[in-house]
Amino acid sequence: MRLDQQMRQNQQQKQSQKLVMTQQLQQSINILQYGTDELLSFLENKSLENPLMEVTVETSDYDEKYTSRHIKQQESEKTEWVNQVPDNGLSLFDYLIQQIHLNYRDTSLRTYSLFLVEYIDVNGYLTITLEEACEKTGASPINMLDALTLIQMLEPAGVGARNLQECLLLQIERDDRAPDMAYIIVEEFFEELANRKWLKIEKKFDISLSEIQQIFDYIQKLTPFPGALFDQSTENFVYPDLIIDINKEKRRIDIARTSFGSPKIQFQANYFKEMSQYKDEEVSRFLNERKQEFDWIKKGVDMRGDTILRVGEEIVRRQPEFFLDPAHPLSPMQLKDIAKAIDVHESTVSRAVNGKYLETDFGIFELRSFFTVGLSQKNNGEDVSTQVIKADIQKLIDNEDKKKPLSDQKIADLLTKKELNISRRTIAKYRDELGISASSKRKRFD
């Protein structure tokens, strides 16, 4: 072979090898980035193309224990209106149609009601005006209003409302336990009640601020979205990648990879052996290519699991108090800290924590939630995470005198005593992020 031909051949071979390595590297990056559901989908698609690959998933009654709506939250107290929702998988639309056919005779009003149901959104609100409905159907305004009234008599209470005020009124109207003045106050002074301008209400109805407080508390228990509970059929299960076992007495925290829900791939050795008996060059090439593909995917899946575990172990090492202290405080920690500790690139850590979850006996948490967004400093120069500051704010507000709630400036002053110099504007920002109202709206009149 001539020298120039050999050089060109070597160059082509190197370029081909480089391309394969680049593709394999990109595949490993993608596998690490995938969440459990995405990884399963990727592997199942690959198994359709590769007869040497079998994908299995270990499941159990774990499915019934956690769902995506349970991440980082405990089972909340349910209000009475939840009982209005049928436990049969019906959509809100189907449930309303079913009730109309069961309860109302086949008249023009039922026809108009069925028409209006088409314009009720997933939250239970009517999205068309009665004027528009009349134009589309030719019905008279009084008939269309009667049809809407029929819908508003259905379950769940509040369905068919045209705005929040009407939604609440429909619920109050059916509730025998509603405070005596609740309906008329919501009907005539809704804005004032919501904005806590209660002196007007006090003077108008000659009732005490304490009674208005009771009505306000009652309204808070009603639902602003009566149709929302019907949107549960598409709940996605969340399988944690890691699980924590805590021994508080010994202050010991053990972390391990989970098996439930995690896809695994197996090599179809019998099929490979059987097909290898065919003395066909094309079959041999196909088998070798598919075996190489399996080996690289298996390597990528194993590396993904190992990387997530290493990141999890380092998180536990740096955040022990989160798992041991009932307040679950977080210490300052950034992606680069973990990357340096386990000797990988920061982008690798970023891919390893997004969409990956850790299970504890007090909840499931996404790995990225352990990284602090920002840092502040104490007077002594010690770094303090924003999560810790927010926890301090939350604690102060939880323990405040509700008749004299703390102003943002007062909270800032109290934190200064703990050597945390936080401005009033920053306190207000963190309070908003925590979903806590201003002091004027936290005041109670019990």
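Contact denotes heavy atoms within 4.5 Å. The legends below describe a predicted model, in which local features need pLDDT of at least 70, side-chain atom pairs count only at pLDDT 80 or more, and totals for chains, interfaces and linings use all residues. Residues are numbered from 1 along each chain as its sequence is written, and side-chain values use heavy atoms, with hydrogens and water left out.

View 1. Beyond its neighbours within four places in sequence, Q319 contacts P329, L330, S331, M333 and F370. Q319 counts as buried because its relative accessibility is 1%, where buried means under 20% relative accessible area, exposed over 50%, and partly exposed in between (1.4 Å probe, protein chains only).

**View 2. The cysteines C134 and C167.** C134 is buried, since its relative accessibility is 13%. C167 is likewise buried, with a relative accessible area of 0%. Disulfides, defined as pairs of cysteine sulfur atoms within 2.5 Å, number zero in the model.

**View 3. The protein chain as context for the close-ups.** The chain contains 20 helices and eight strands. Of its 446 residues, 39% are buried. Among contacts with a separation of 6 or more, 63% join residues 24 or more positions apart. The accessible surface, from the Shrake-Rupley method with a 1.4 Å probe (for residues, only the protein chains shown count as cover), comes to about 26,800 Å², and carbon and sulfur atoms account for 48% of that area.

Terms used: Helices (H or I, at least four residues) and strands (E, at least two) are DSSP runs, numbered from the N terminus.
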